[in-house]
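Here are a few friendly notes to read alongside the model. Keep the viewer open and look up each place as you reach it.

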Amino acid sequence: MSRKDARVVVSPEQLSSFKSLLQEQNLIYELLSDNLEAVLAKEFAQRSLVPLPQAGKGRLSTERYYTHEEIMNYIADLAARFPKRVFVRTVGWSYEQRALKTITITNGDGRANKKVVFVDGGFHAREWISPAAVLYMIDQLVEHFEENAYLLKDYDWVIQPMVNPDGYEHTQTGTTARMFRKTRQPYRQLGLTCYGADPNRNFDFHWNEEGASSSPCMDTFAGPHAFSEPETIVIRDLMHSLADRGVMYLTIHSYGNYLLYPWGWTSDLPDTWQDLDDVARAGGDAIEAATGTVYEVGSSTNVLYIAAGASDDYGFYAGFNVSITMELSGGGSLGFNPPESSIESFVSETWIGVRAMAEKLIEKY
Ligand SMILES: [Zn+2]
């Protein structure tokens, strides 16, 4: 059993019976908000929604969250400004035909077949801090090249900042969409249309076993079959194309302060779990030393919950030596919505952990 708190959203009609249930079970609770819609509406009203002309050109600040288009413009601009070190590639298209792109960051020495760190963000639509954290990593590796050159000496970094742009853009449309998690391909069940599969349950490794749902209306819907979503096919193909050189796969989610490694489909540990633990723990220790934030480290199943068909298990199975899911800190009324004023502290803290994990990789592999 986890000792951590859980946040639950309850409709106004169900609130009093839900409270009775908690009391019957002797669970300690606190009402964080009695009108969630109003809280989310206020957040939307406060957002600087109007993208500037030329948005995405030059450096992105940490003052706000960006649209998918702005993020794509930003990485294209980096590739134009640093043509020897930065390469952007279109690797596929989302269900709604948004471009899925990777940015590969090198030190520009032209040496082929270096080891690879593969990072992605934006798997789950509502986890806006994830792409924000990945953008900060890109900024550190490109614009702060001198101080981070050692991370690129024997490694190329391949980064996909936005895995699920359809879901991400959907959550930017209003308060009722803000907490949407999945992709946007429609599925019908019993005459009802529900949108999307959980991309992090859609991978073909123990697909739809435990911790996933067969119901299209559930948040953890595994899809009608493995790799039913174009977005997960793109990650799969990238993993296989990089596996020979791939040392670490790192996927950024929120929230909960966890550094998780395989397996997520079983409570068993891989033979090399001690190596995975060393790397993850290096990240957690560095963050705690720098900011005091504590990350819990362990296998997905043992520390969080069983969840088959996730990308971290697949990446490890595909051949990455280390595969880690990083669940960042929670913020805002629901944990998934840190205010814009806290982006800077969240993403700079994340980078401290990621850099420490990369240093551990360099030492070990
Ligand atoms: Zn997530």
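1. Residues are counted from 1 along each chain as its sequence is written. The model is predicted, so local features need pLDDT of at least 70 and side-chain atom pairs pLDDT 80 or more, while totals for chains, interfaces and linings use all residues, and side-chain values rest on heavy atoms, without hydrogens and water.

2. Start with the metal. The zinc ion is coordinated by His124 (ND1), Glu127 (OE), Glu127 (OE) and His253 (ND1), at 2.0 to 2.4 Å. Donors here are N, O and S atoms within 2.8 Å of the metal (3.2 Å for Na, K and Ca); water is not among the atoms, so sites may look incomplete. Along the chain, the donors have the spacing H-x2-E-x125-H. Glutamate 127 sits in the loop between strand S3 (115–121) and H4, and histidine 253 in strand S7 (residues 246–254), so this pair ties together parts 126 residues apart in sequence.

3. Now look at two cis peptide bonds. One runs from serine 254 to tyrosine 255, with omega near 5°; tyrosine 255 is in the loop between S7 and strand S8 (258–261). Another runs from proline 262 to tryptophan 263, again with omega near 5°, and tryptophan 263 is in the loop between S8 and helix H8 (273–291).

4. Asparagine 26 is worth a click too: its phi is near 55°, a positive value in a residue other than glycine. Look for asparagine 26 in the loop between helix H1 (15–24) and helix H2 (36–46). Most residues other than glycine have a negative phi, and most peptide bonds are trans.

5. How do H4 and H11 cross, left-handed or right-handed? The crossing is right-handed, meaning that the near helix is turned clockwise from the far one, whereas left-handed means anticlockwise by less than a right angle. The contact (heavy atoms within 4.5 Å) includes Tyr136 and Met137 of H4 and Phe346 and Trp351 of H11. Its residues divide into 11 nonpolar, 3 polar and 1 charged; Ala, Val, Leu, Ile, Met, Phe, Trp, Tyr, Cys and Pro count as nonpolar, Asp, Glu, Lys and Arg as charged, and the others, Gly among them, as polar.

6. Finally, H8 also passes H11 in a right-handed crossing. Among the residues that meet are Ala282 and Gly283 in H8 and Gly353 and Ala356 in H11. By class, this contact has 10 nonpolar, 3 polar and 5 charged residues.

Key: Helix = DSSP H or I, 4+ residues; strand = E, 2+ residues; numbered from the N terminus.
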